[in-house]
Amino acid sequence: MSRTGRHWPWIAAFALAYGALALFVDNQYYQLIMTVVLVWAVMGLAWNLLSGYSGLISFGHAAFFGLGAYFVALIQLTWGISPWYGIPLAALLGGVAGLVVGVPTFRLRGHYFALAMLAYPLALLYVFEWLGYQEVAVPMVRDAPAAYMQFDDGRVYILIGLGFVVASMLITRLVERSRFGMCLLAIKQDETAAEAAGIDTLAWKLRAIVLSGAMAATIGGFYAVVQLVVTPLSVFGVLVSAQALIVAMFGGVGTVWGPVIGAVTLVPLSAWLDAEFAERLPGIQGVIYGVAIVAVVMLAPEGLFWKVRDIVRRRRAASARTESATAATPAAATRADGFRVADVRAGRTVLTVNGLSKSFGGLRAVDAVSLEVRQGEIVGIIGPNGAGKTTLFNLLNGFIAPDAGEVLLDGQSILGKAPNRICRGGVGRTFQIVKPFRRMSIADNVVIGAYVNAGSDDDARALATAAIAAVGLGDAAESIAGSVSNEQLRLMELARALASRPSILLLDEIFAGLAGAEVERLMQVIRGLAALGITIVIIEHTMQAMVQLVDRFIVLDHGAVLAAGSPGAVTRDPAVIEAYLGRKWLEDA
Amino acid sequence: MSPAQHIENFLQLLTAGLLTGAIYGLMCVGLSVIFGVMRVINFAQGEFMMLGMYFAYYIFGSIAGYMVFGDLVAPFVAALAVGPAVFLVGLVVHKGLVSQVTGISGSALEAEGHYAQLILTLGISLILANGGLIVFGSAPVSISTPLSSTPWVVGPLYGEDILLFINQGQTIAALVAVGVVVAFAALMANSRPGRALRAAADNPVAAVYMGIDVDRAYRIAFGFGVGITAIGGGLLASTNPFQPYVGIDYVIVMYAGVVLGGLGSLRGAFLGGLTIGLVQQLSALFLPNQLQNTAIFVCFLLIVLLRPQGLFGRAARRA
């Protein structure tokens, strides 16, 4: 997203304006509303930090909020511990709760994740009722109220709440700008591709939910202080989770400003409606929230912030349209030296596969495959459709686990390792159907791939720039991946894999859908990479282009190795001809 | 407690579990039609069930006086009548809202697109629950009939020790639920709309090529789904008091049942719902009453975490 824009002056301006406005508000009710707006802004930011960036929708943020609220209220009630200590402790508790929830729940994706998250606060709601905490009141402290965060002047609460909002916005901003945010965005767009690009998706998701849970529990604790009474329904209820989601969705997901915009708009609106009509229409607040979400989903699915930004951008773009469309230029491998493989000993075995097998139901997709690939080789794995080629790659980079056999990378077994670990170990891959992070620029796509073996974020940027140059995509670097040509996407995936500094590259039908001249250019790039000592394994079901490119063919049929050898030998092999063309052609050949 | 009392207690909870479980099973079948055919998570399913409860309540109120044996028959007539009524509501909601973000056009959207319907149905759920509060009021109501407080007494068994009380209203409601499930399963298996629904579920794109109006099939599936769940609600209404916010608890019950039963299988969904009913009631053997729902939530979490493909059906896709 707008990684270069400066947000902190705007955040400071917002805080000053809100604080200044608060100073002029005497009415206690309005002061309370202004405080509650800030509570929901932080709740929205907490939800956004996990769900907005990673795309994993949580319906259960009330679990963290409620734990924070009850914790702060109960420790003051029981041990007289001030919320000044209680709220930071609640943050810790929220973080731990995030971890406890995240570890099992992140095994699920999509709908199942959302539903499972819903169950946590509901389960807690009944547990707290059963424990007898139907209504916990925070005791008033007469002698030293300020030491217990109790103030006669409601404006103080607004200022404290503002502090939480600013802190949450800055944290979100830090996350968004860094590797953290980029990885979450990559997960949101294509978790498989992110994992293959070396991103430890589970670790980043856990960090996100820990931070998000801490934020939600913090503000839950503050909510208890503000409301003075905590009930299960008011802190664990579905409306709490829903409200967090709604303010973020309404304002805009995946941005610092969205939840704040949403809270500032919706909370006063619903409070006003509640005050005005609650007597006659008791559920009006919920109805308004419901209508708000429905309207947002139908009209501006990404939220107000993005809708407005898109409109503004379109205006600007229309007024200043320039001819900037440039095609990819052929490889200019000027900066490619950084990807030279360190340990170059010709003939060293990089990849060893022994008796690898995998069945799906009754189908033996990969059947006792053994092969060796040596340093710097270009090996073509060919075979008819359904021969088990992609399954073999999925076994090699850890997407699926084999039933039998072993895979050695530089002599070490990689079985049972997560794809991101295998990528870290030096296996890069591209996909048969390109998996770009569509809403990111080409450059950002490649940066994601660079993180795995880059020390700092700056190193990653430099590596990405070099990888993009090495495949000849320099001119298109700032284009959004969703808008470029198939050739550019193929090159982008190659650059993304290259940026992880692989010792071996697995290319899955990288020529698919490319025309003659494009194939020629891409082969040029691949030869350049092989010259750096990077070992290359290509899957393809047609032989034509491959004959000119590869050093050696391995032919798969029905999951098993049918033949292996130089292009010349393999293309004359009767068994190969039969597999490809049928028995009839054998006599003619 | 004596051993005999333990056994009595267990048998009592077992029957209660089977009777509620049958109704849960019916509700799960409704949800499974939507979930299985459209791959849409309908968050508002519980609120449609709530609508079923209130519709049944009002229909019962207006017909009971005019019928022979009104008190005895009317609750079940009302519950069945709720089906078509909520079916129509479902068609309208699907046409106006849900179809805009799902279906054949929705499935073409990028990954983020499929969250739209999740959040849309959350919005619908909030509108229905809180709108319900405005229209129906917050005081819990129920359909009270002589049947719902009259038990059949079984026993004494084992000498003089064990007496079983089986609620007549619940028993008839459970039988009606099973009947509706069987009738619906027959409809799905043998009728033209049923075949279209199954085709649309299996492969929407291929179904379009075969000339099936998939958007229409989805709309009908949505109507059937909410209608059937609403009948379940109507049947529950004669034994359980309810208020407009009742839906959310049952959403988890239903999803637990459907996931337990395995995606896309009506039989699995029914058995899943039955199991959830048993878990809920039998948990009273170990847990205090307030924690019965917590037992369901924990059970649900365990199912999705350990066995997302379900116990009874074919594999459910996680993504």
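Trainee: Which elements of chain A have the lowest and the highest mean pLDDT?
Mentor: Helix H24 (residues 584-588) of chain A has the lowest mean pLDDT, 58. Helix H3 (residues 62-79) of chain A has the highest, 96. The scale runs from 0 to 100.

Trainee: What is the mean pLDDT of chain A?
Mentor: The mean is 85. In chain A, 93% of the residues reach 70 or more.

Trainee: Where in chain A does pLDDT stay under 50?
Mentor: Over residues 321-334 of chain A. The model has 24 contacts beyond four places in sequence for that stretch. Where pLDDT is low, the predicted coordinates should not be read in detail.

Trainee: Why does B:Ser125 count as buried?
Mentor: Set the count against the cut-off. Buried takes 20 or more other C-beta atoms within 10 Å. B:Ser125 has 26 C-beta neighbours inside 10 Å, so B:Ser125 counts as buried. This residue is found in helix H5 (residues 114-136) of chain B.

Trainee: Which residues does B:Ser125 touch, not counting those up to four places away in sequence?
Mentor: B:Phe43, B:Ala44, B:Gly46, B:Glu47 and B:Gly247.

Trainee: How many Å separate the C-alpha atoms of B:Ser125 and B:Val92?
Mentor: They are separated by 15 Å. Along the chain the two residues are 33 apart.

Trainee: What percentage of chain B counts as buried?
Mentor: Of its 319 residues, 54%. Chain B has twelve helices and two strands. Read along the sequence, the pattern is α-α-α-α-α-β-β-α-α-α-α-α-α-α.

Trainee: Why is A:Leu228 called partly exposed?
Mentor: Exposed means 12 or fewer neighbours, and buried means 20 or more. A:Leu228 has 13 other C-beta atoms within 10 Å, so A:Leu228 falls in between. A:Leu228 lies in the loop between helix H9 (201-227) and strand S2 (229-230) of chain A. Its phi is near 70°, a positive value in a residue other than glycine.

Trainee: What makes A:Ala368 partly exposed?
Mentor: Its count is 14 other C-beta atoms within 10 Å. A:Ala368 is found in strand S4 (residues 363-374) of chain A. Phi of A:Ala368 is near 50°, again a positive value in a residue other than glycine.

Trainee: What is the order of the open sheet of six strands in chain A?
Mentor: S8-S9-S10-S5-S11-S12, with mixed pairing.

Trainee: What makes strand S8 (427-429) and strand S12 (560-565) of chain A edge strands?
Mentor: Each pairs on one side only. Neighbouring strands of this sheet are turned by 20° against each other on average, direction ignored.

Trainee: How do you know that strand S5 (residues 378-382) and strand S10 (residues 535-540) of chain A pair?
Mentor: Pairing needs at least two bridges. S5 and S10 of chain A have five, in the parallel sense, so they pair. In S10(A), A:Ile538 is the bridge partner of A:Gly380.

Trainee: How many residues of chain A are in contact with chain B?
Mentor: 41 residues of chain A are in contact with 40 residues of chain B.

Trainee: Which element gives the most to the side of chain A that touches chain B?
Mentor: H5(A), with 14 residues. By class, this side of chain A has 28 nonpolar, seven polar and six charged residues.

Definitions and conventions
Residues numbered from 1 in each chain as written. Chains lettered and ligands numbered in written order. Predicted model: local features only at pLDDT ≥ 70, side-chain atom pairs only at ≥ 80, totals over all residues. Helix = DSSP H or I, 4+ residues; strand = E, 2+ residues; numbered from the N terminus. Axes fitted to C-alpha atoms, helices over the stretch in contact; angles between N-to-C directions. Contact = placed C-beta atoms within 7 Å. Nonpolar A, V, L, I, M, F, W, Y, C, P; charged D, E, K, R; others polar. pLDDT = per-residue confidence, 0-100.
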